[in-house]
Amino acid sequence: MRAVLVVPAVLLACSADPPAGDGGGTTGAASTTDAPTGGDATGETGGGTSGGGPVAPEGMIPIPADGQRAGDPAAGYQALVNNGYVTCGIPWTAYSKVFGEAPAADRLPGRAGKNATLPYNYTAYTTPGGIELVSANCLQCHAGHVNGELVIGLGDTTADYTAAVGGTAALAAAFLTDPAEKAELQRFVDRLAAIEPYTQTRTIGVNPADNVAAVLFAHRDPKTFAWNDPPLLELPEVNPFPVDTPPWWWMKKKHAMFYVAAGRGDHARTMMATATLCTDSVEEARAIDAYFPDIRAYIESLEPPRYPFAIDAGLAETGREVFESTCAGCHGTYGPDGVYPNLLAPIELIGTDPMLALGAAQFSGRFLEWFNGSFYGEVAHLAPETGYMAPPLDGVWASAPYFHNGSVPTVAAVLDSGSRPQFWTRTYVSTDIDRAGLGWKFTALDHGQADEPALAERKKIYDTTLPGHGNGGHPFGDALSDAERGAVIEYLKTL
Ligand code: HEC
Ligand code: HEC
């Protein structure tokens, strides 16, 4: 394990200087003209702009590779779906009285014991004190349906975080008599109560995870992970800005985690930060960390699902040419010789909603400082840029809606900024795929959330006038003709 230099948080929040990618963890003076440096210790392809890839547009910031601990993907899958890395939850006694066995479509292969009958997004875990709990796992947010299929690694874009999360868990107490079980449930209910005001999004489908992380950091001592009921740091804004959960298959190509390229150094360590909800000691965290390199290796082994409908090969070939001359400089090339350049667009260049890029929630000063000075900071660090990564476009047909905030329902609208709906809604039904526009079928509305009296309808309205919800920017498809845009869309179906 290597030491990482802790950079003052204020510098991180606005610096365009990513650490050098030599795995040494020192701050490098990488300027925007430096090519990505450093080898990926796991030996995957996809890094570097060398090798005849398209030329990067001026002003893009290269994100260097950092060395990763080696892991075993098969062991990683087993750990992901069987291990108890979220160590608080609802006692099995109560869970099993309310919920029956999961239907076959919601079960996953390769699960052991009680996990075999639980839905994919829950895991059974026995505490050191011998109490069986059921807790949410990573697939709560990182598995979703498209075209009727459950896809591991696809962000769940139907989850409803608009309501309070704690209420239902507290109800489980009615099913418990054992004081030790009651105490375990109370631990979980207390945690939920702390994060609750900070998890409530304005729209169904977007995710509050970045804000939740900030709240958890605020309640924990960075050195011991001991929980403090009064927060040790000033809490973040109550209303989380919307984030569209990214598909996991991007990570085999990306040098840094998160839209703002904040996750540097050892990715396995940063991925396990989800355990911050319940892990009350560094010792416990270290035991979880021991198998997270395997989970990282599994995540990096994932391929996107293939486009399930017919593709016009001739049109797609025309689209490839347009794509390679107009888009590939940022998004890379695809196929066997494909090169992904790992570039981040500064906010002035990309122009999409600035809120996340300007350092919101866990990506703002005090929280960066907390993370980098904590157990996580031993080998990983958060170093966000003021902009967004140009993501890989593999499997883009499946990962609508688009942009970091999920503000645009189709690729067609991404490529024609004037056609983006200001207010829109969708059915949240995974077979309602817009094959022509690529993405979700949607209905444009004539009013936003403020003018919708029915609560049930209001939270289904993606209202781009709300803070963090803006749908502007990324004008790079605007100059194309309709025919060229159609061809590019056909090509994107092949990725
Ligand atoms: C409550 C929802 C939620 C849970 C649970 C969750 N994640 Fe995430 N995850 C997110 C969101 C949202 C993002 C995007 C954050 C951003 O980029 O600002 C993300 C980002 C990531 C990324 C980076 C992807 C990229 O392309 O940059 C990885 C890897 C990841 N999560 C792994 C995990 C693992 C492993 C677990 C379980 C230990 C987990 N997540 C649990 C919501 C969640
Ligand atoms: C100057 C760099 C740049 C160019 C050129 C560019 N893009 Fe992008 N693209 C980005 C960035 C950065 C984002 C992420 C924006 C965000 O999340 O706010 C993005 C996002 C996207 C997305 C949404 C991905 C998702 O899953 O959310 C699609 C689709 C896309 N671009 C397609 C294209 C196509 C097609 C072209 C060519 C017509 C193109 N882009 C040209 C930088 C670029």
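Visitor: At what angle do helix 2 and helix 10 pack?
Guide: First, some ground rules: this is a predicted model, where local features need pLDDT of at least 70, side-chain atom pairs count only at pLDDT 80 or more, and totals for chains, interfaces and linings use all residues. Residues are numbered from 1 along each chain as its sequence is written, while chains are lettered from A and ligands numbered from 1 in the order in which they are written. Helices (H or I, at least four residues) and strands (E, at least two) are DSSP runs, numbered from the N terminus, and axes are lines fitted to C-alpha atoms, for helices over the stretch in contact, with angles from 0 to 180 degrees between N-to-C directions. Helix 2 (residues 73-82) and helix 10 (residues 292-299) have axes 7 Å apart and pack at an angle of about 105°.

Visitor: Why is helix 2 called roughly perpendicular to helix 10?
Guide: Angles under 35 degrees count as roughly parallel, over 145 as roughly antiparallel, 65 to 115 as roughly perpendicular and the rest as oblique. The angle here is about 105°, so helix 2 is roughly perpendicular to helix 10.

Visitor: Which residues of helix 10 make the contact?
Guide: Two residues are in contact if their C-beta atoms, placed from the backbone, lie within 7 Å. Helix 2 brings several residues, including Pro 73 and Tyr 77. From helix 10 come Asp 294, Ile 295, Ala 297 and Tyr 298.

Visitor: How many bridges join strand 5 to strand 6?
Guide: Two strands pair if DSSP finds at least two bridges between them. Strand 5 (residues 143-146) and strand 6 (residues 149-152) run antiparallel, and Ala 143 stands opposite Ile 152. The number of bridges joining them is four.

Visitor: Which helix gives the most to the shell around ligand 2?
Guide: A residue is near a molecule if its C-beta atom, placed from the backbone, lies within 6 Å of it. In all, 28 residues surround ligand 2, with Cys 327 and Cys 330 among the closest. The top contributor, with three residues, is helix 12.
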